[in-house]
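Here is a short briefing for a first look at this model. Please view the sequence and structure, then read on.

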Amino acid sequence: MITSRTRSFALVTTLLAALATVLLGPAAAQASTGGTVRDGASQPVYSYAAAVRETVWVDTGLDGDGDGRTDRVAADIVRPREPATAGLRVPVIMDASPYYSCCGRGNESQLKTYDAQGGPVQFPLFYDNYFVPRGYAVVLVDLAGTNRSDGCVDVGGPSDVTSAKAVVDWLNGRAPGYRTRTGTGAVGADWATGAVGMIGKSWDGTIANGVAATGVPGLKTVVPISAISSWYDYYRSDGAPLYSGTPADLSSYVESSATLAHCAGVQRQLAAGAPANGNWTALWQARDYVAAAARVRASVFVVHGMQDLNVRGINFSQWWSALAQTGVERKIWLSQTGHVDPFDFRRSAWVDTLHSWFDHYLLGIDNGIQRGPAADVERSPDQWTQDQTWPAPGTVTSTLGLRPGALTTAAGSGTARFTDDPARDENAWATDADRSTPDKTVFTTGVLTRPLRVSGGGSITLTATPSTRSARLSAVLVDLGPATIRDYRADGEGISTLATRSCWGDSTPGDSACFLDTAADTAQVGATVFARGWADLGHYAGLDRSLALTPGKAYPITFDLAGTDHVVPAGHRLALIVAGTDAGLIDPPSTRPAVTLDLARSALRLPVVGGVATLPQAAPTAGPALPGLPSGPAGTAARPETFR
């Protein structure tokens, strides 16, 4: 709790900081904007109860709803009062979301609330409670077409991204803001340093990626949690539909009733631009942030669940790989959960790490976080390891051949066959890995004599001959052996919500800093699926168009497996399962084909720490080197159910 003595101390601190601006120059002033710095961290010296709470409507320059007026988006702001009183400026933590009125944020689905005059009262999540006393402003933006904002939701497109980018521009004096939604009373952000960090889970984090990909000045860092990097890979995977809907469904789900009537045309465009045939269209191109990764100037802290079957893992691994080419500073956390916020699977460490991250990139405090380990990986529930880089040091992309029943370092040979069964899924395949069933084909190593670590994203080439004019392909990597895992298939996707609460920051009567605690929800399993990829064979020639297949003709196709970081322990076996429809994760084809694989022209490529030279074999190792393999377009995956 902030006491009157603390508040008095805070005022003295701000006055000293103002003096530092004059005597010591900008560097000292920058550090002082966050209040007191002690032991390399900003301290909670400002009053949360007395903080300024206000709404500014920022003009985006777009007219998405076609009403003849440029759209304004609502930015709800909470910021410490004392720095502004002393003539100091503060940096901004920003979360732009479509969910503040329809669905809520966080494990408790918190919504924004307002007083009788429309002033903001509750700011969802802990960012405001924790960071405002430490000298930050928190800005929660309603994306265009949602809650109190004008415009239309275009699901990751120019309207979504511009509605958030415009607020970054306003915070830097480059866009107009107003006190009301329709009035002419202009207002500036003279209290802001211009340094902005965007954060958010799911759609929110996706918008952070999208804004970063514009290269907007002033955006210093982004923290995308369970976020999309390319919307094609949320709805499709190498041509395979991950579900039967289109972005229009998400748009109608979050759009406010006030804007819905004006946005039917936008929704028609969203539906038309996302054909069920899985083709790569202009709509997807406009929502591909990976292609614009070279524009990113902000540092990036990626957080993702390796068992996230909503925003699937390809989204973090392809984004990470693209950013590696840009030279931006990066950090990554990979958990065993599904679509879960780190506040709910590693709370104390998350708050401390995020605090250090924002202190460094927004306040300029040299706390060393940029020099520490780049990657934290959850190995088993609540057990984490760290690496200086990711993929892990010593990772080698290795090629494995396929022989009937065997995954081998020798050349592939022979054939394998399966018949698509739309009722069966990857968990059934993994459970039956050692039992012959007609819906799958399984390739395994021998029992490992030492651990095998897969770190990064792999790919698979298959030469497949279908018996019908359409076919889907699924490839999953499985750790065959007993393990305790987070139960990512349960309702909590790896966490259980408890009845107790813990507090993270300061509270007011309308905005509590106390949140329900969580614990790992675990399961005992005999096999663990740890990486996946899917494709439509009709896109063997490219994603631009789907082609009807000729029964009995062989087609080569290459597609990606989602990024992962998994250790197959000694005593376990590594398995690759190839099958057709992965029930619940991709839609089935229009036919039910039998598929024959030419194993001599198929192979698996895996990023393995130390390579696979010592991998034990379940088949003879003698044979020629692996031949050059035909390759097709690589793609990715994702699925929209409860996206938030």
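## Briefing

The torsion about the S-S bond of Cys 503 and Cys 514 is about 95°, so this disulfide is right-handed. The model is predicted: local features need pLDDT of at least 70, side-chain atom pairs count only at pLDDT 80 or more, and totals for chains, interfaces and linings use all residues. Residues are numbered from 1 along each chain as its sequence is written, and side-chain values use heavy atoms, with hydrogens and water left out.

**Disulfides**

- The structure holds 3 disulfides (a disulfide is a pair of cysteine sulfur atoms within 2.5 Å).
- With bonded cysteines counted along the chain, the pattern is 1-2, 3-4, 5-6.
- The sulfur atoms of Cys 503 and Cys 514 are 1.9 Å apart.
- Cys 503 sits in strand 26 (residues 495-503) and Cys 514 in strand 27 (residues 514-520), 11 residues apart. Helices (H or I, at least four residues) and strands (E, at least two) are DSSP runs, numbered from the N terminus.
- Cys 503 is partly exposed, at 46% relative accessible area. Cys 514 is also partly exposed, at 21%. Buried means under 20% relative accessible area, exposed over 50%, and partly exposed in between (1.4 Å probe, protein chains only).
- Cys 102 and Cys 103 form a disulfide with sulfur atoms 2.2 Å apart. The link is left-handed, with -90° about the S-S bond.
- Cys 102 counts as partly exposed at 33% relative accessibility, whereas Cys 103 is buried at 10%.
- Cys 152 and Cys 263 form a disulfide with sulfur atoms 2.0 Å apart. This link is left-handed, with -85° about the S-S bond.
- Cys 152 lies in the loop between strand 8 (137-142) and helix 5 (158-171), and Cys 263 in the loop between helix 9 and helix 10, so the pair ties together parts 111 residues apart in sequence. Both Cys 152 and Cys 263 are buried.

**Helix 10**

- Val 266, Gln 267 and Leu 270 are buried in helix 10 (residues 264-272).
- Seen down the axis, the buried residues of helix 10 fall within an arc of 100°, so they line one face of the helix. The arc is that of the directions from the helix axis to the C-beta atoms.
- An α-helix has 3.6 residues a turn, so residues three or four places apart point the same way.
- Arg 268, Gln 269 and Ala 272 are exposed, on the face of helix 10 turned away from its buried side.
- The buried residues of helix 10 pack against helix 8 (247-254), helix 9 (257-260) and helix 11 (282-285) (contact means heavy atoms within 4.5 Å).

- An open sheet of 12 strands has the order 10-9-3-4-8-5-11-12-15-16-17-18, with mixed pairing. Two strands pair if DSSP finds at least two bridges between them.
- Strand 10 (186-187) and strand 18 (383-387) stand at the edges, each with a single partner strand, so one side of each is left without a neighbour in the sheet.
- Strand 17 (residues 375-380) and strand 18 pair in the antiparallel sense over 5 bridges. Asp 376 stands opposite Gln 386 in strand 18.

**Strand 25**

- In strand 25 (residues 472-486), 12 of the 15 residues are buried.
- Strand 25 runs antiparallel to strand 28 (residues 522-536), joined by 13 bridges. Val 476 stands opposite Arg 532 in strand 28.
- Strand 25 also runs antiparallel to strand 31 (residues 573-579), joined by 7 bridges. Asp 479 stands opposite Leu 574 in strand 31.
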